Amino acid sequence: MRLTPDQPAGVPSFDLLADEIETVVDLICQGAREARQHMTAGLLEVPITIIVRKAMKRMKRDLGLTNLEVAGEVEIDDMATDGAGLLGRIDITLKFLRQFGNEDEYVGVECKRVGAGSAFSQLNSRYVTQGVQRFINGQYATGHAWGFMLGYALALPADAIVQAVNSRLQSDYGAAAALAAAALHDDALAIHEGAVQRPDGSLIRLRHIIVDMVPAAPMND
């Protein structure tokens with residue numbers, strides 16, 4: 001039996017092939033579409049994500065994707081210490097067959113609620129400060145070339161959400177962090193991509209996927 005040679009984690013960066021990126025996007029979008037019918041008003045981020053994750057697993061089986069596993073609420077161990085410290089808990093991870101055997105290699109998806117309008121400005125800010133930032137500061141996807149953000153749109157239009165997120169990204173990380181439109185999926189409201197520099201000088205590319213989760217929006221009094 002021949003094994004591939006060991007290399008230091010992240011050297012080269014844990015990259016994804018183009019067809020793997022397309023597979024991840026397709027599975028996220030189809031899973032979100034399937035999950036939407038099970039939403040109820042006022043759901044918070046965690047239950048929405050659980051429902052989406054279950055739908056992604058069902059969709060994965062229906063599509064016959066046997067070279068891929070979906071997991072959720074995955075604890076990222078802080079391997080710089082010997083104690084019980086964690087770097088964080090990422091909402092959804094996917095793992096292709098070639099990534100098995102290396103716990104540091106996975107596809108990370110962080111999920112956040114977002115919405116158009118001033119009522120959702122705090123959620124849109126958290127999308128960046130408690131979502132995107134975790135890919136940059138080393139909590140998630142250390143050494144990875146790619147990460148994914150999944151935005152649950154509670155109020156439309158999606159363009160207003162993208163504008164709010166894009167403004168906050170550029171405010172926090174400079175003009176180079178601006179979002180650019182990426183190939184759209186039938187089951188997504190918007191898909192954008194951007195690159196952000198980590199403190200060590202490396203770049204991580206983030207694919208931002210906004211899906212319709214209006215049925216989970218809070219009920220108006």
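Which residues of α1 are buried? This tour of a predicted model begins there; local features need pLDDT of at least 70, side-chain atom pairs count only at pLDDT 80 or more, and totals for chains, interfaces and linings use all residues. Residues are numbered from 1 along each chain as its sequence is written, and side-chain values use heavy atoms, with hydrogens and water left out.

Select α1 (18-36); helices (H or I, at least four residues) and strands (E, at least two) are DSSP runs, numbered from the N terminus. Its buried residues (under 20% relative accessible area, 1.4 Å probe, protein chains only) are Glu20, Ile21, Val24, Val25, Leu27, Ile28, Cys29, Gln30, Gly31, Ala32 and Ala35.

Next, display the largest nonpolar core, which has 41 residues. Such a core is a set of buried Ala, Val, Leu, Ile, Met, Phe, Trp, Tyr and Cys residues joined through side-chain atoms within 4.5 Å. Elements that each supply at least two of its residues include α2 (45-63), β1 (68-77) and β7 (203-212). The most comes from α1, with 8 residues.

Now centre on Met213, one of the residues with the most contacts inside this core. Beyond its neighbours within four places in sequence, Met213 is in contact (heavy atoms within 4.5 Å) with residues including Ala32, Ala35, Met39, Val52 and Tyr152.

Finally, select helix α3 (residues 121-136). Its buried residues are Leu123, Asn124, Tyr127, Val128, Gly131, Val132, Phe135 and Ile136. Just after α3, Gly138 takes a positive phi of about 95°.

Definitions and conventions:
Buried < 20%, exposed > 50% of the residue type's maximum accessible area, 1.4 Å probe, protein only. Expected span 1.5 Å × (residues − 1).
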